[in-house]
Amino acid sequence: MSSTSSGSSRARRWSREGGRATVLAPAQVAQRQVAALNRRDLDALMALYAEDATLEFPASPMVQGQRAIREAFSRFFQDWEEEITLRRVVAAGEVVAAEGIAQGRHRTLHLRIPGRITGPRRTYSHRFAVFLEVEQGKIRRHRVYYDSRDLVRQLLGGG
């Protein structure tokens, strides 16, 4: 993984370690976010989001606010067994852009009609790009892009 960081002091998070202040640059916030996702640590994950943050994924409505984002990630952890690997992380000021691979299994299929279909746990692997806007060490906007049609094909067993 390569990382470039040139975050301003406004975009850094301060934490206390042994009486000294430690600065987390925006790229470090992104790396901690992925580590918390991979550990399925909802509390550590939510500590990285601003109170009025937004979360945007393909084929899903935008999620607004920390409480709603917590609920969205909680549901995600129930339905998805996923491991994320970042391949490239680039930070410029308060914006982080990253590329990676998400692999895992999905437990249910959500349909536009009410209900879920429980089926075999299908494995998947897809590339993604993510953009984070970080302000004062908190994620304000989290946008993810991937080919959702390819993911659905994998989940339905269509190759």
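The legends below describe an overview and several close-up views of a predicted model.

**Figure 1. Overview of the chain and its secondary structure.** In this predicted model, the chain contains 4 helices and 9 strands, and their order along the sequence follows the pattern β-β-β-α-α-β-β-α-β-β-β-β-α. When contacts between residues at least 6 apart in sequence are considered, 56% of them join residues that are at least 24 apart.

Figure 2. Histidine 126 belongs to strand β8, which covers residues 116-135. Its relative accessibility is 9%, and because buried means under 20%, histidine 126 counts as buried. Leaving aside residues up to four places away in sequence, histidine 126 touches Glu82, Gly100, Ile101, Ala102, Tyr146 and Leu151. One of these contacts, Glu82, is also part of the lining of the largest cavity, which is the subject of the next view.

**Figure 3. Close-up of the largest cavity and its lining.** The count comes to 1 cavity of 30 Å³ or more, and the volume of the largest cavity is about 30 Å³. Its lining is made up of Leu37, Asn38, Arg40, Phe76, Phe77, Glu82 and Ile84. The elements that give two or more residues to this lining are α1 (26-39), α3 (66-79) and β6 (80-92). Sorted by class, the lining has 4 nonpolar residues, 1 polar residue and 2 charged residues.

**Figure 4. Close-up of arginine 40, a lining residue with a positive phi.** Arginine 40, which is among the residues that line the largest cavity, lies in the loop between α1 and α2 (42-46). The phi of arginine 40 is near 60°, a positive value in a residue other than glycine. With a relative accessibility of 32%, arginine 40 counts as partly exposed, since that class lies between the limits of 20% for buried and 50% for exposed.

Figure 5. Although glutamine 136 is not a glycine, its phi is positive, at about 55°. The relative accessible area of glutamine 136 is 55%, so this residue is exposed, the cut-off for that class being over 50%.

Terms used. Residues are numbered from 1 along each chain as its sequence is written. This is a predicted model: local features need pLDDT of at least 70, side-chain atom pairs count only at pLDDT 80 or more; totals for chains, interfaces and linings use all residues. Side-chain values use heavy atoms; hydrogens and water are left out. Contact means heavy atoms within 4.5 Å. Buried means under 20% relative accessible area, exposed over 50%, partly exposed in between (1.4 Å probe, protein chains only). On a 1 Å grid over the protein atoms alone, a cavity is a set of points where a 1.4 Å probe fits but cannot get out, and a pocket is an open set with protein on both sides within 12 Å along at least five of seven lines; lining residues have an atom within 4 Å of a point. Grid points are joined across faces, edges and corners, and a volume is the space filled by probe spheres set on the points. Ala, Val, Leu, Ile, Met, Phe, Trp, Tyr, Cys and Pro count as nonpolar, Asp, Glu, Lys and Arg as charged, and the others, Gly among them, as polar.
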